[in-house]
Amino acid sequence: MAQPGKTVRPKNVSTAIPVGGWLNRFHCGNATDVVKMMPAAIVDTVVTSPPYFQQRDYGSDLQIGQEKSIDRYVQNMADLFVEIKRVVKPTGSLWMVIGDKYIKGELQGVPWRVCLALKEIGWHLRSDCIWHKPNAMPSSVKTRPTTDHEYIFFFSNAKDYFYDADAIREPHVTFSEKSKMKGGRNHFGKRGGTPEAGKNSGDNNLHDGRWDQAFHPKGRNKRTVWSIPLSKFREAHFAVYPQQLVENCIKASCPAKGVVLDPFSGAGTTALVAREMERDYIGIDCNPEFCKMAEARLEKARRLF
Ligand SMILES: C[S@@+](CC[C@H](N)C(=O)[O-])C[C@H]1O[C@@H](n2cnc3c(N)ncnc32)[C@H](O)[C@@H]1O
């Protein structure tokens, strides 16, 4: 069992399979057991969406998500992510997309319970992004707002970590036509002013922030609300996450030719995007049918790469 506050080195770790043997394949089995077999520090970033608590039956005795209690679910997740911490490089990171659960009309806070458990085992929480789904299913609830978001938690393995902010910058809006803050550089004190020579010229914090927000040539720093429509992969009977979401995570956190791990690979969306972006992937799923489906999906795409 995971011990709060420290990373547990798994016993009986086998590194019999060389690193190359792990790459660009889907490994079938219980993620915790499979990750225990992997060599240490080979992964740059993990991008994954675990099974949500009591949401869907993935047809395997090994699956996580069908536990009787949230505590047991959280513990199983912590046990897995202790192992994952070992195989992620010290500069590496983890993106986890996770949704919540209502029981008798009460929201359970499952994403945050998992998140806090991961912090306990040594992951550093860097961001709680919101995946806003503009095409979320309507619902008949009348006693609360309709949910149209999930969390995307971003963790680093250690204090210092690889993060390429420039790779995921977004278009400026501050001084756009639609913005209330019209006036462009005039905002900095006088027409034609700049952050360096404006009315707030002594305040570095304001300057750096405004420069980034308004003038950085590659756009403003990525915001924490990501509005991305749900997408479909017809052959999967479960929800796959959008390629655009995975793309953001990989761009920001996986250096060129790095390795991306998805321990709940399902239909292989993470792997597909990783290959399109010329990164290596390691996929794991407990359902052999899903591993086959993901492999076929990658094979089909490979012909197009
Ligand atoms: C939410 S789906 C992932 C979908 C994936 N993100 C995609 O876009 O295709 C979760 C997956 O986790 C797998 N899974 C559940 N428990 C597992 C376990 N203990 N070890 C490995 N895979 C598991 C399920 O079979 C399922 O395919």
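**Entry 1. Core.** I looked up the largest nonpolar core and found that, of its 65 residues, Met77, Phe81, Leu118 and Ile152 touch the most other members. I take a nonpolar core as a set of buried Ala, Val, Leu, Ile, Met, Phe, Trp, Tyr and Cys residues joined through C-beta atoms within 7 Å. Buried stands for 20 or more other C-beta atoms within 10 Å of a residue's own, exposed for 12 or fewer, and partly exposed for in between, with C-beta atoms placed from the backbone. H3 gives the most to this core, with 9 residues. Helices (H or I, at least four residues) and strands (E, at least two) are DSSP runs numbered from the N terminus.

I note that this is a predicted model, in which local features need pLDDT of at least 70 and side-chain atom pairs count only at pLDDT 80 or more, while totals for chains, interfaces and linings use all residues. Residues are numbered from 1 along each chain as its sequence is written.

**Entry 2. Whole chain.** I find 8 helices and 10 strands in the protein chain. Of its 305 residues, 34% are buried. Among contacts with a separation of 6 or more, 69% join residues 24 or more positions apart. A contact here is a pair of residues whose C-beta atoms, placed from the backbone, lie within 7 Å.

**Entry 3. H3 and H4.** I checked helix H3 (residues 70–87) against helix H4 (residues 110–120): their axes come within 9 Å and cross at roughly 40°. That makes H3 oblique to H4. The axes are lines fitted to C-alpha atoms, for helices over the stretch in contact, and angles run from 0 to 180 degrees between N-to-C directions. Angles under 35 degrees count as roughly parallel, over 145 as roughly antiparallel, 65 to 115 as roughly perpendicular and the rest as oblique. The H3 and H4 crossing is right-handed; that is, the near helix is turned clockwise from the far one by less than a right angle, anticlockwise being left-handed. On the H3 side I list Ile70, Val74, Met77, Ala78 and Phe81, and on the H4 side Val110, Arg113, Val114, Ala117 and Leu118. Leaving aside neighbours within four places in sequence, Phe81 is in contact with Leu118, Ile121 and Trp123.

**Entry 4. H6 and H7.** I then took helix H6 (residues 243–253) and helix H7 (residues 269–276), which pack at about 60° with axes 9 Å apart. H6 is thus oblique to H7, and their crossing is right-handed. Gln243, Val246, Glu247 and Ile250 of H6 meet Thr269, Thr270, Leu272, Val273 and Ala274 of H7.

Is H7 buried or exposed? I count 6 of its 8 residues as buried, so H7 is largely enclosed by the rest of the structure. The buried ones are Thr269, Thr270, Ala271, Leu272, Val273 and Ala274. Their cover includes strand S2 (43–48), H6, strand S9 (259–262), strand S10 (280–285) and helix H8 (288–302). Just after H7, Glu278 takes a positive phi of about 60°.

**Entry 5. Loops.** Lys104, not a glycine, has a positive phi of about 50°. I place Lys104 in the loop between strand S4 (102–103) and strand S5 (106–107), and Lys104 is exposed, with 4 other C-beta atoms within 10 Å. Lys257, also other than glycine, has a positive phi near 65°. Lys257 sits in the loop between H6 and S9 and counts as exposed with 10 C-beta neighbours inside 10 Å.

Asp160 lies in the loop between strand S7 (149–156) and helix H5 (204–214). Asp160 counts as exposed, with 9 C-beta neighbours inside 10 Å. I read 8.9 Å between the C-alpha atoms of Asp160 and Gly92, which are 68 residues apart along the chain.

Terms used:
Contact = placed C-beta atoms within 7 Å.
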